[in-house]
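Hi,

Here is the structure I said I would pass on.

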Amino acid sequence: MHAAIIAINEAIDKEDAEETMKALRNPSAMLVNLAEDLPDNYQATLYDAKMTKAEIAKNKVLWRGLMEQRWRNFCLTHLYSSLLLMQN
C-alpha cells in the first residue's frame with residue numbers, strides 16, 4: 001500500500017489526470033468504486049487537498065516557531081528582571 005500511495009502522490013504532483021487515475025486504480029491502493037469518467041475531478045480535488053495540507057503544515061511550523069521565539073523572549077526578560085532585582 002505504501003508504494004501505491006507514493007505513486008498516487010507523484011501523479012498528483014505531476015498534475016496529470018490520467019496518470020493519477022492509473023495510480024488510483026492500482027489494486028494495492030485498495031480503492032473501490034472509482035468514477036472512471038472523472039479523472040480531471042479527482043486530479044483537481046486531490047491536488048487542491050494536497051496544497052491545502054501543505055499550507056496548513058507550513059503555518060503550523062511558522063506558528064510553532066513564533067511561539068518558541070516568544071517563550072525565549074519571555075524567559076530572557078524574566079531572567080533579566082530577576083538579575084536586576086537580585087542586584088538591588
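On confidence: this is a predicted model, and within the protein chain the mean pLDDT is highest in helix α2 (residues 17–25), at 97, and lowest in α3, at 90. The chain as a whole averages 92, with 99% of the residues scoring at least 70.

Now for how the helices sit against each other. Take α1 and α2 to begin with: their axes come within 8 Å and cross at roughly 170 degrees. Angles over 145 degrees count as roughly antiparallel, so that is what α1 and α2 are to each other. On the α1 side the contact uses A7, I8, A11, I12 and K14, and these meet E19, T20, A23 and L24 in α2. By type, the residues of that contact split into 6 nonpolar, 1 polar and 2 charged.

The pairing of α1 with α3 has another geometry. Helix α1 (residues 2–14) and helix α3 (residues 39–87) have axes that come within 9 Å and cross at roughly 95 degrees. An angle from 65 to 115 degrees counts as roughly perpendicular, which is therefore the description for α1 and α3. Here N9, A11, I12 and D13 from α1 meet Q43, L46, Y47 and K50 from α3. This contact comprises 4 nonpolar, 2 polar and 2 charged residues.

Leaving aside residues up to four places away in sequence, I12 touches T20, Q43, L46, Y47 and K50.

I12 also belongs to the largest nonpolar core, which has 9 residues in all: A4, I8, A11, I12, M21, A23, L24, A29 and L34. Both α1 and α2 supply at least two residues each, and α1 gives the largest share, with 4 residues. As background, nonpolar side chains in soluble globular proteins tend to be buried together.

Most residues other than glycine have a negative phi. E15, in the loop between α1 and α2, is not a glycine, yet has a positive phi of about 55 degrees. M30 is another non-glycine residue with a positive phi, near 55 degrees, and lies in the loop between α2 and α3. Is M30 exposed or buried? M30 is exposed, with a relative accessible area of 57%.

Cheers

Terms used:
Residues numbered from 1 in each chain as written. Predicted model: local features only at pLDDT ≥ 70, side-chain atom pairs only at ≥ 80, totals over all residues. Heavy atoms only, no water. Axes fitted to C-alpha atoms, helices over the stretch in contact; angles between N-to-C directions. Parallel < 35°, antiparallel > 145°, perpendicular 65-115°, else oblique. Contact = heavy atoms within 4.5 Å. Nonpolar A, V, L, I, M, F, W, Y, C, P; charged D, E, K, R; others polar. pLDDT = per-residue confidence, 0-100. Core = buried A, V, L, I, M, F, W, Y, C linked by side-chain atoms within 4.5 Å. Buried < 20%, exposed > 50% of the residue type's maximum accessible area, 1.4 Å probe, protein only.
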